[in-house]
Amino acid sequence: MTTVLVVDDAPAVRFSVSRSLKKAGYEVVEAENGRQALGVLRSQVVDLAVIDLWMPVMDGIELLKTLRVEFPELAAIAMSGGAPKAPIDMSAALATTWGAERVFYKPFDNDDLIIETKNLLAEPNHQ
Amino acid sequence: MWTKKLALVIGYLVVHILLSIISAKLEVGPNISIWHLPSGLLFAGLLLAHPPFRSTVLIADILARSIWSIGLWLPHDPIGFSIALLMSPLTYFGVTAFIRSRVPSPFDLSRKATLLILGMMAAPAIAAPLNVVNLTSGGFLPGNAMGSLIVSFWVGDAIGVITLAPLFMLLARRWIAPNVPATQGAKASTIEAVGLAMAGTALFTSAGLFDQSSAASASKFLTLVPLAAAAVRRGTTGVAITVPLLNLFVVMFLATAKPAIDVLDTQLAMLAYSSFSLFLGSYVTKERQHLSDIREYANQNAILAAAVEATPLGVVITNATDPLMIRYANSSFSQILNGCDSVLVGKNLMDLFTTNTDDTNQKPLHDLWTKIRKCGHAEAELVFTRADSESRHCTVTFASITQSEGGRVCVGILADVTERRLREQAERQKERLVSLGQLAGGVAHEINNLLHPIINLAKEAESELGSSNAEIRELLRCIHQSGQQAGEIVEKVLSFARDSSKVPRTPIRFDEAVQSAVELNRRAIPRSINVETVLGGDGVLALVHPTEVAQIVTNLIVNATQALDGNGHIVITLDTLSGGEGDVVPPGQYLRLRIADDGPGMDEEMAKRIFDPFFTTKAIGQGTGLGLSVVYGIVQDWQGHIAVQSMPGQGTEFTIHIPVYNPDVES
């Protein structure tokens, strides 16, 4: 069973994205921020992480940096709502620099996220 | 202190005795020495000495006199002798004390010579008879010789004072009274003085030798000439040196040649001539000082006047009463007011201000005049409309000044602060937009997080309902669409806050970009609106992105279309121009894009806020009000300039300056 981790501080976003993923047949675990996400990743096997960039406690970029070191095999997709101060482009560039395969700008269509997830998990090195 | 006093006494004694010896040697008449030179020393000493030393001088003089005459008279009449001895010095003491109390600086011969000469004349006149009365018992000729004795003593004393006091004052001031200012040209004066004195003597002697019978009269008058010449040429200094010299030479002549002339007559004549030339000399010196003061004053004034004329601030001087007639206005004043150099002297400032300013200044002007009338000073900020219809913001400051002669004038300073106000306005606008951008970014982020579930869950719900429940599906579709529209708006807001310098730009032909943008919009414009394009600037390049051009053109055309409400003209022009000093853009080459409509236009209030984000004149739901702020942001990013010109009922024109691409300058 392929497990996807959804990390976002907005509960409604988590609910919506998780629901779509579950409908697509994935096992879903959730986390509110980067620190919680690391806790989850260290306690169970996760195949892909969907990470919001702007979160309290530990944001998406910090999490991505840690993942590169601790979980280099883990695929990551970034979500962005537009950071309050940094321009969108900059956070997107940062996210991809630190290992996110792609950045989705909210409000995006969840179906697009599912397609990207399927593509990433079909790749050889993520199986 | 005591050593100084002792030194003074010894010095005085020495000089006094020397002078007495000289006087004795110069005896030329039947009476005792008639040129009493030591009197000059006493007079000068009493006038010059600092208060602590004055009594020392007095004591020294009495000592000197007693040394000289003690052997002569004491045995005959001790009391009379004592009185005679003390009378002269004490009288001089009293007279000089009087002079010092009336005249702040008695050493300043050039100022109070009259009083000084009077004192010189009066003192011996008081002292001499008292001397003589007591001495008659000592064996002098009684009877009608008395009169001539009195006169000769008085005249002798006076001659001594007038001859030598000024000289001693010049010579001795440095060690007795260092506060006295130095006289100039003493060396040259001395040489001249000697020459003049010799000339005078020559005149005197020639008169005496060739015309002995009337030698007392007209011919002696010629000796006045060299004295007067010394006075006019060298002032006080020349006289102080010439007078004693001439007197000395005359006496020597009388002593050696012994001509048959009345010595007393000669004495009186010399006395008169010396006093007169002393007075003339001091007058000349005073006048020269005045002239020099005036010249210096005039020089200073000239410098100040040049500074006032050159300052970029407007300076105006008016009467202090209504209607403030202008006495002086520098060229900057008329430049600021009228844009040209015009003669404003004689015009009324109140009228001038009223005609040059527009109605918005009524209240500030009224307050200004009221305040000036009440307390003489006031400040205001006014807007002046020049003849070339340019408006200048100016600060005006008024203060009233009381002149030295007692009149009052008003001085006004006019400063042109137009550029400063414009810059402040632009700064404020920029700050507002920056903070709005930041706010927008933060808000957008939160809303995006909320829109995501709205859009996606509505969509899911719609699909899960299947073909049944068409009505509920309709509701869900509406929710979905609304969410998407909200997302688009937020996107626009974020694009406003985004750092768009990352947008890739290459030099493109601006006219082509405008052309295609206009064509893109033509289909959307109703046929009843006439669109005219005059696109110059062929082939001119600008560092812009074609979509940015499209965004701007679209926004402005849409605005114009909505303003025209179905009927009217839109004119789009493109040309090039050079920016110069004082224009809205810095110097350089520019493309100028203008989009104008002949719609209802807008008033100044609206025009000021037209580029503000979220400012819209449309009804709620009809528009976001973001279009023009996006346009503004793009133009700013291009380092260009956008302005709107509009009057109610006269349409609206947007003017955009775009810097022409310069391949030599990489921005």
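# A note on chains A and B

1. Let's start in chain A, where helix 2 (residues 34–43) lies across strand 1 and strand 2 and runs at about 165° to strand 1. Helices (H or I, at least four residues) and strands (E, at least two) are DSSP runs, numbered from the N terminus. Angles run from 0 to 180 degrees between N-to-C directions, with axes as lines fitted to C-alpha atoms, for helices over the stretch in contact; contact means heavy atoms within 4.5 Å.

2. Some ground rules come next. This is a predicted model, in which local features need pLDDT of at least 70 and side-chain atom pairs count only at pLDDT 80 or more, while totals for chains, interfaces and linings use all residues. Residues are numbered from 1 along each chain as its sequence is written, chains are lettered from A and ligands numbered from 1 in the order in which they are written, and side-chain values use heavy atoms, leaving out hydrogens and water.

3. Now the sheet of chain A. Five strands form an open sheet in the order 2-1-3-4-5, with parallel pairing. Strand 2 (27–31) and strand 5 (103–105) of chain A are at the edges, each with a single partner strand, so one side of each has no neighbour in the sheet. From one strand to the next, the twist averages 20°. Strands pair if DSSP finds at least two bridges between them; strand 1 (residues 3–7) and strand 2 of chain A have five, in the parallel sense. Within this pair, Thr3(A) stands opposite Glu27(A).

4. How far can you trust chain A? The guide is pLDDT, the predictor's confidence in each residue, from 0 to 100. Chain A averages 86, and 87% of its residues score at least 70. Confidence is highest in strand 2 of chain A, at 96, and lowest in helix 4 (residues 88–97) of chain A, at a mean of 66. Over residues 83–89 of chain A, pLDDT stays under 50.

5. On to chain B, which has 18 helices and twelve strands. Of its 667 residues, 43% are buried. Buried means under 20% relative accessible area, exposed means over 50%, and partly exposed lies in between (1.4 Å probe, protein chains only). Among contacts in chain B with a separation of 6 or more, 65% join residues 24 or more positions apart.

6. Helix 2 of chain B deserves a look of its own. Eleven of its eleven residues are buried, so this helix is largely enclosed by the rest of the structure. Phe43(B) is one of these buried residues, as are Pro38(B) and Leu48(B).

7. Chain B has an open sheet of five strands in the order 7-9-10-12-11, with mixed pairing. Its edge strands, strand 7 (529–535) and strand 11 (641–646), each pair on one side only. Strand 11 and strand 12 (residues 652–659) of chain B run antiparallel and are joined by six bridges. There, Val644(B) has Phe654(B) as its bridge partner. Helix 18 (residues 627–637) of chain B packs on the sheet, touching strand 11 and strand 12, and makes about 140° with the direction of strand 11.

8. Ser334(B), in helix 10 (residues 331–338) of chain B, is buried at a relative accessible area of 1%. Its side chain reaches the backbone oxygen of Ser331(B) at 3.2 Å, and a polar atom of that side chain lies 3.3 Å from the backbone nitrogen of Ser342(B). Thr397(B), in strand 4 (residues 391–402) of chain B, is partly exposed at 32% relative accessibility. Not counting residues up to four places away in sequence, Thr397(B) touches Ala378(B), Glu379(B), Val411(B), Gly412(B) and Ile413(B).

Notes:
A polar contact is a pair of N or O atoms within 3.5 Å; within protein, one must be able to donate a hydrogen and the other to accept it, and residues adjacent in sequence count only if both atoms are side-chain atoms.
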